[in-house]
Amino acid sequence: MPATTFRIWRGDPTSAQFKEYTTDISEGMVVLDAVHQIQAENAPDLACRWNCKAGKCGSCSAEINGRPRLMCMTRMDELPPGETVTIEPMRAFPHVRDLVTDVSWNFGVKERIKRFRPRKPDAPDGTWRMQQTDVDRVQEFRKCIECFLCQDVCHVLRDHHKHEEFVGPRYLVHLAALEMHPLDTEERVREIRRAHGIGYCNITKCCTKVCPEHITITDNAIIPLKERVVDEFYDPLTRLLRVFKPRRGASKDG
Amino acid sequence: MDPFTTHEHEVLVIGAGGAGLRAAIEASALGCRTAVVCKSLLGKAHTVMAEGGVAAALSNVDDRDSWKVHFADTMRGGQYLNNWRMVEHHAREAPARVRELEAWGAVFDRTPDGRILQRNFGGHRYPRLAHVGDRTGLEMIRTLQDHGVHQGLDVFMEMTVIDLLRDGDRVVGAVGYDRERGRFHVWRAGAVVLATGGIGRAFRITSNSWEYTGDGHALAYRAGAELVDMEFVQFHPTGMVWPPSVRGILVTEGVRGEGGVLRNKDGRRFMFDDIPDNYKAQTADSEDEGWRYTQGDKSARRPPELLTRDHVARCINREVKAGRGTPHGGVYLDIAWIKARIPDAEEHIRKKLPSMHHQFLQLANLDITREPMEVGPTTHYVMGGVRVEGDTQMSTVPGLFAAGEVAGGLHGANRLGGNSLSDLLVFGKRAGEHAAKFARERGAGALDRAQVDSAIDAALAPFDHGIEGGGESPYAIQSDLQQIMQDYVGIVRLEDEMARALHGIGLLAKRAEHAAAVGHREYNPGWHSAIDLRNLLTVAEAVTRCAMERKESRGAQFREDYPGKSEECSKFNLVVRRGADGSMGLERRPVAPLPEELAAVVKENA
Ligand SMILES: Cc1cc2nc3c(=O)[nH]c(=O)nc-3n(C[C@H](O)[C@H](O)[C@H](O)COP(=O)(O)OP(=O)(O)OC[C@H]3O[C@@H](n4cnc5c(N)ncnc54)[C@H](O)[C@@H]3O)c2cc1C
Ligand code: SF4
Ligand code: SF4
Ligand code: FES
């Protein structure tokens, strides 16, 4: 692929606009390589985040031709040939500069979620026993690289700005990982409904579509959590039983 | 004078990878007000990229394993230049540190009886690496991060420390800037833990990110601390080689642990052709025996692909130089072949090596369940680092501690795969504990305003240079340095080439004085790179000087002009320290002999 033109969002919250840059593309290049090349050739102060260049750290999130993606995992040859490539920062977060946004809200959300609390060890040496099949689902959720692309695309945050009331898909995945962890004994269902606002999600599945780790956010994490909330709050029998029989961590994943 | 904000803590941890987080968790668990500063966002440090696993003699898969075997393996891998005290702590304490992660929520892959599963890795006698597919580092950093944020750490994300502050002979804080606004900060603390990781960005082909500019090594050096073993830089045998933009990105050793084999362009398993004498007894005779080993047959010995990294990297280098390489200058790493041995091989590969599968599919358009990969050596890890005391992790400067990749000693001349993640846990904890103790005993020190001002002035200098005023782009200088190190101080070393490199580094240091930054102070990567140059140049010089001084081949250092090991060189470690006149001083320090019990452990497990 020869020279390609990029429209890149430049500036800070006080003034920003698209600027065009043209650079040569060679075989196998990804969008992040092009951004680095532009940095080295024309715009040394072009701000962007990255670390691993291999889709493992979740730093290089941006909107490429309007789609939330990792720049390091978007190959130039999968974009329409000959057309200008548009790169913008994630729009759901406050802008800092160029392609960098302020994602600190996300880190604050996690602090509000109750931490992991394991049951007593199974063996005298202080260790536990878990079968692989019992942890497969949790491992799927724990693949999350905290790129926040799902947060970026979710309309509850992006369009309706419910940051106070709703934790967003990333943290519903996190909650699901905790709730379905075979060893965990913490009680979170009340918060999932109230403080974490699961009711705001109307299962549009946009988050699942953008997840670079292919976590089936909606079907595997959110819907089961919604079911738990329903069981717990609207099923009198479950409530009654809970009074007599505290849940055992191991049976949580049902 | 540029203004700055001052933060007061008992313990300051610089770096939020595995070592930094583990240190901070420990210090704060002991009741110290603890700050963590890191260049990137929380959870993005290098540790997140680690793939294969964390080494600990849990003996879940093979009950013949024990801390003693782990001890002997690590000493052998390090060619006996290791700090034996650290090796002992590491081997004894790693299992407890791994189990502790499970108690904090980590979910490792499981054995059939429900315990933590362990896999084979180069240089480890038994399956020893606890893992989660090939994303072990992610599991580790996320577990520590999630545990840490609930413990009340003060985290300063996207801030870079540029210098340590001293009060007399003691380190009492640090000065840095925040990337977002370009404003300066001073952290005052009773003790400082360096956990800044490595130096890979000094080389052109590397698995390391922009963060790895040797900051911690250089900060410690400028503060008067000693660095040890800097000649030992690990070149990982398997990095991606194609397409060019991904060159250097790591292909985990886990591929070979799962049965992947190396072949040259003629299809030959060339690793069978060159097995070092000290590993002969432990290495498979035939392809079949090697395969059985990877599948857990306890009577089989490991295939030569799982010899130590230094050796495998050199063999690959030799194949390529001899014209037996692949079209893009690597060799083939084939995991797809296991189809011939097991049913559902494709599914198995996807399950065991999911991120490798994804990485190759996405970046190289190649399906590793069907085709072999092309791989070649990549700069990966630095064994050398801040010289620390084996029990406390304190450097030769009071109040300054170091843990993780930035510390030297544990790995000697060559690190075994998986021994880094365990290093972070074991010595992160120890550093945090002893830093807390030191801070409590000694209290805060006095801040010297003049030191703060001169650090800030130096950091702002690139803006004064301007490109018009004869200043130069920092990217060009960095790129030239990487080329010099790659060409002359890389996997095969020669006296006169290294002399050329040293001369080149000197010239680059002059150019770096005029590195220019344009634009604003806010989130300006050009400015940040200009500041990093000084650190890169310091570590490049240290690596080169030590590599020249060690006139032998041992572990990760291969000297074409001295291809064998020398008895004389087996007796010392090289120590680097800044001299009174600011020039780099080099010293041979005798290797401390193993105490009798440990010498016996090595012998029993030869
Ligand atoms: C691709 C890859 C795969 C690997 N796989 C394995 C494996 O399977 N098993 C294994 O044992 N090892 C593996 N390693 C090695 C291992 O991951 C690293 O050695 C280890 O993670 C280093 O951890 P650390 O805590 O010392 O530093 P890091 O995790 O690198 O963290 C360094 C921290 O210091 C911060 N920092 C640096 N400079 C400054 C500064 N000036 N100011 C403020 N903060 C600063 C950074 O921002 C970062 O937070 C792998 C390495 C790579 C690159
Ligand atoms: S499925 Fe729910 S969480 Fe996901 S994007 Fe839609 S509304 Fe948001
Ligand atoms: S769930 Fe997926 S999209 Fe969301 S933050 Fe995690 S990896 Fe990114
Ligand atoms: S740079 Fe790490 S995910 Fe893109």
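Begin by selecting chain A, where 44% of the 254 residues count as buried, a residue being buried if 20 or more other C-beta atoms lie within 10 Å of its own, exposed if 12 or fewer, and partly exposed in between, with the C-beta atoms placed from the backbone. Before going further, note that this is a predicted model, in which local features need pLDDT of at least 70 and side-chain atom pairs count only at pLDDT 80 or more, while totals for chains, interfaces and linings use all residues. Residues are numbered from 1 along each chain as its sequence is written, and chains are lettered from A and ligands numbered from 1 in the order in which they are written.

**Chain A as a whole**

With chain A still selected, look at its C-alpha trace, which spans about 70 × 40 × 30 Å along its principal axes. Its secondary structure comes to 10 helices and 7 strands; helices (H or I, at least four residues) and strands (E, at least two) are DSSP runs, numbered from the N terminus. Among the contacts in chain A with a separation of 6 or more, 63% are between residues 24 or more positions apart, where two residues are in contact if their C-beta atoms, placed from the backbone, lie within 7 Å.

**A hairpin in chain A**

Now select residues 61-64 and 67-70 of chain A, which are the strands β3 and β4, paired in the antiparallel sense over 4 bridges; two strands pair if DSSP finds at least two bridges between them. Within this pair A62(A) stands opposite R69(A). The two strands form a hairpin with 2 residues between them, and in the turn N65(A) has a positive phi of about 50 degrees.

**Where the chains meet**

Show chain B as well: 45 residues of chain A are in contact with 47 residues of chain B. On the chain A side, α1 (31-41), β6 (95-97), α2 (104-112) and α3 (132-142) each supply at least two residues, and the largest share, 5 residues, comes from α3(A). This side of chain A divides into 19 nonpolar, 12 polar and 14 charged residues, if Ala, Val, Leu, Ile, Met, Phe, Trp, Tyr, Cys and Pro count as nonpolar, Asp, Glu, Lys and Arg as charged, and the others, Gly among them, as polar.

Next, pick out G126(A), in the loop between α2 and α3 of chain A. Leaving aside its neighbours within four places in sequence, G126(A) is in contact with P121(A) and R99(B). G126(A) is partly exposed, because 13 other C-beta atoms lie within 10 Å.

**The two ligands**

Select ligand 2, which 13 residues surround, the closest being C154(A), P169(A), C201(A), T204(A) and C207(A); a residue is near a molecule if its C-beta atom, placed from the backbone, lies within 6 Å of it. The elements giving two or more residues to this shell are α8 (206-210) and α9 (217-234) of chain A, and by class the shell has 9 nonpolar, 3 polar and 1 charged residues.

Move on to ligand 1, surrounded by 44 residues, of which the closest are G15(B), G17(B), H46(B), G197(B) and G404(B). Helix α12(B) gives the most to the shell around ligand 1, with 4 residues, and the residues of that shell divide into 16 nonpolar, 23 polar and 5 charged.

**A sheet and a helix in chain B**

In chain B, look for an open sheet of 4 strands in the order β1-β10-β9-β8, with mixed pairing. Its edge strands, β1 (4-8) and β8, each pair on one side only. Strand β8(B) runs antiparallel to β9 (residues 170-178) of chain B, joined by 8 bridges, and D163(B) stands opposite V175(B) in β9(B).

For the last stop, select residues 354-364 of chain B, helix α11, which is largely enclosed by the rest of the structure because 9 of its 11 residues are buried. The buried residues, including M356(B), F360(B) and L363(B), pack against β13 (233-240), α6 (254-257), α10 (345-352) and β16 (373-382) of chain B.
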